[in-house]
Each structure stands twice: as structure tokens, then as C-alpha cells.
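Subject: Structure handover

Hello,

Please find the structure below, followed by my notes on what was found in it.

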Amino acid sequence: MDFSVLRKQMVAEQLVSRGIKDERVLKVFSSLPREKFILSESVASAYADFPLPIGQGQTISQPYIVALMTELLALSGSEKVLEIGTGSGYQTAVLASLAKEVYTIERFAELSDKARDLFKQLGLDNVKVRVGDGTLGWPEEPPFERIIITAASPRLPLPLSSQLAEGGKVVFPQGEAFNQALTLIEKKDGKLIEKNICGCVFVPLVGKYGLKES
Ligand code: SAM
């Protein structure tokens, strides 16, 4: 299977055609081997326009949603980013290619360990990995200029709002199971300003300041 052809098609047909414009984002999606982050039984669908299972009942989002969330963060290359929900590590790898450093937290050690191995394999040495409840943030490392949560929560977990830098941005799916709005938050003069981007469906953010396990 020629993944480079599928990757090129995905960028043109799923990202550019739907309005992703950031050249740096498009460049990363054109080169990052998404197939490495996909379970072997689903690898033929690595570049398909839908989410895929990654184990532990979790999913990797479709390429467009990963690209949209990344574009909304407007990364220039100098940012310290906090990511909640490492999952397969694909979104993390995208962020690590576009920002200065990425701190990523995952609640399942099995997913985190696998992702860590991939970061090493791909030479992404600006990623710090932690297993635990990401709703608590990474208390030793704030402020973060960008925060991304890749699981659904009814609100921005309180510890994360205090770990966000002034002028910083957060993107996350806000809502309950099966009914969420992709939300962009900006911190201006200490206030959080919210913008609703579009509807979306993510697995729940399970933790102290998120949702309860169902
Ligand atoms: N962005 C990931 C990727 O590219 O594969 C997909 C993330 S998946 C949609 C959401 C992830 O959030 C899951 O792996 C899930 O285990 C994790 N998660 C849920 N609640 C969490 C929490 N409180 N702390 C850390 N990770 C959490």
C-alpha cells in the first residue's frame, strides 16, 4: 500500500477542500506517517475520513478534526503546549512538529507507552509524556501558551484555566456524551472568552474535573 499517495489525497480532499489553510499545518499532515499510529487491523483505513479504534475503547479522530483543532491553536513554533488525551500520539506528533514543546497526559498507560515509543522512533524529542488524570493539568510546568483537550468535557477543567498563560488559547470539545461543540477559548486580561466553532463527537474526558466513568 502506497501511504504517501493516500496521504497526499487526504490533504487535498479532506483538509484543503474543507478550508484548512495554515501552510505549516498542511506541510505536517503531508509528511507525518499517520499509518504508524493506527492498529494493524485498521491500517488500510489510516487516511480515511472517519475516526478509528486505538484500543482501550478509545479512538483516533479523523484527520480533518485533528487539522482543524491544530489550526485553531495558531502555532508559530515558540509555544509550550499542554495536551490532555495522548491517545495514539498522532495529534501530539502534529503539535510537536509545530510548537517548541509538548506536555501530553494520557490516563491509559498502554496507550501512553506505545505513543512514547513512536515519538522516539520519529525523533520527536520535544515531547514530555505522563500517565494520569489530565484534568489536573501539569502543575509543575505552567504557564502553557496553548492547551488542547482531545476528549469531551462539559467545561474547561478549573486547574487548566489557571495553567493557561495570559493571551493563551485552548481548544476542546465542550459538552456531554454525543453532543459537543468544538470550542476555542482565549484568555484576555485574565478573562476567558469562548467561541463555538462546530459540532463534534469525542470520547469523554474522565477525571476529577471532567466526567465520571460510565
Ligand atoms: N488525539 C488522540 C490521537 O491523536 O490519537 C486521540 C485522543 S482520544 C479521542 C481521547 C483520549 O483522551 C483517550 O486516549 C482517553 O483515554 C484520553 N483521556 C480521557 N480522559 C482523560 C484524562 N482525564 N486524562 C488523560 N487522558 C484522558
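Which residues are the closest to the ligand? They are S88, E106, D133, G134 and V206, which belong to a shell of 26 residues that surround the ligand, where a residue counts as near if one of its heavy atoms lies within 4 Å. Please bear in mind that this is a predicted model, in which local features need pLDDT of at least 70 and side-chain atom pairs count only at pLDDT 80 or more, while totals for chains, interfaces and linings use all residues. Residues are numbered from 1 along each chain as its sequence is written, and side-chain values use heavy atoms, with hydrogens and water left out.

Among the polar contacts (pairs of N or O atoms within 3.5 Å), a polar side-chain atom of S88 lies 2.6 Å from an oxygen atom of the ligand, and a polar side-chain atom of D133 lies 3.0 Å from a nitrogen atom of the ligand. The protein covers 99% of the 610 Å² of accessible area that the ligand has on its own, as calculated by the Shrake-Rupley method with a 1.4 Å probe.

Turning to the secondary structure, β2 (58-60), α4 and β4 (101-106) each supply at least two residues of the shell, where helices (H or I, at least four residues) and strands (E, at least two) are DSSP runs, numbered from the N terminus. Helix α4 (residues 90-98) is largely enclosed by the rest of the structure, because 8 of its 9 residues are buried, meaning under 20% relative accessible area with a 1.4 Å probe, protein chains only. Those buried residues include Y90, V94 and L98.

Best wishes

Technical notes. Buried means under 20% relative accessible area, exposed over 50%, partly exposed in between (1.4 Å probe, protein chains only). A polar contact is a pair of N or O atoms within 3.5 Å; within protein, one must be able to donate a hydrogen and the other to accept it, and residues adjacent in sequence count only if both atoms are side-chain atoms.
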